[in-house]
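Colleague: I would like to learn how to read a sheet in a model like this one. Could you take me through the general idea and then the case at hand?

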Amino acid sequence: MTAEKAAERTSRGAGLDAAGLAEIHELVRRAQDTQFDPEPFLDLHTPDAVVVNIAGRRVLGREALAAAMRAALASPLKDVVTTAEVHDVRPLAPGVALVSCTKRVEDARPEPAAALPTVGALTYVVVRSEGRWRIASAQTTPIAQPG
């Protein structure tokens with residue numbers, strides 16, 4: 001969904017204008033684009049961010065996220081690529097929004113230790129901090145695929 005369409009659906013009386021929505025969409029895009037580059041990726045998160053990945057691993061705080069990310073990039077998980085499509089942005093309070101996405105997982109590991117889900121419902125809580133939006137929470141719930 002484009003930021004403009006999302007603005008029409010979510011911003012009426014909610015304090016989030018088209019520019020704010022565009023910034024949130026850009027944050028999601030940057031998180032996707034930097035998934036293999038720890039420093040810029042981590043900078044997109046608040047210091048106390050909570051992340052639960054599609055496999056159910058929870059990390060608390062940017063330092064723990066950095067350690068988990070570096071470990072993953074030094075393992076076969078470096079061959080797992082994810083993309084996210086934003087479906088809805090809902091302001092919760094001034095400077096706080098809930099972002100609903102679909103995450104797609106491409107597992108290109110030569111020999112996967114265990115199969116990963118290929119689709120998940122990704123939910124971000126984003127906050128406006130230091131003049132920009134950052135991820136405070138990310139939760140990915142696997143979506144069962146018929147098969």
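Colleague: How many bridges join strand 5 to strand 6?

Modeller: Strands of a sheet pair through backbone hydrogen bonds, either parallel or antiparallel. Here strand 5 and strand 6 (residues 132-142) run antiparallel and are joined by 10 bridges, where pairing requires that DSSP finds at least two bridges between two strands, and where strands (E, at least two residues) and helices (H or I, at least four) are DSSP runs numbered from the N terminus. Val127 stands opposite Arg134 in strand 6, and the two strands form a hairpin with two residues between them, Glu130 in the turn having a positive phi of about 55 degrees. This is a predicted model, in which local features need pLDDT of at least 70, side-chain atom pairs count only at pLDDT 80 or more, and totals for chains, interfaces and linings use all residues. Residues are numbered from 1 along each chain as its sequence is written, and side-chain values use heavy atoms, with hydrogens and water left out.

Colleague: Which residues stand opposite Lys103?

Modeller: Lys103 stands opposite Gly120 in strand 5, and Ala84 stands opposite Lys103 in strand 4. Strand 4 (residues 96-107) pairs with strand 5 (residues 119-129) in the antiparallel sense over nine bridges, while 12 bridges join strand 3 to strand 4, again antiparallel.

Colleague: In what order do the six strands form the sheet?

Modeller: The order is 2-1-6-5-4-3, in an open sheet with mixed pairing. Strand 2 (58-60) and strand 3 (80-93) are the edge strands, each pairing on one side only.
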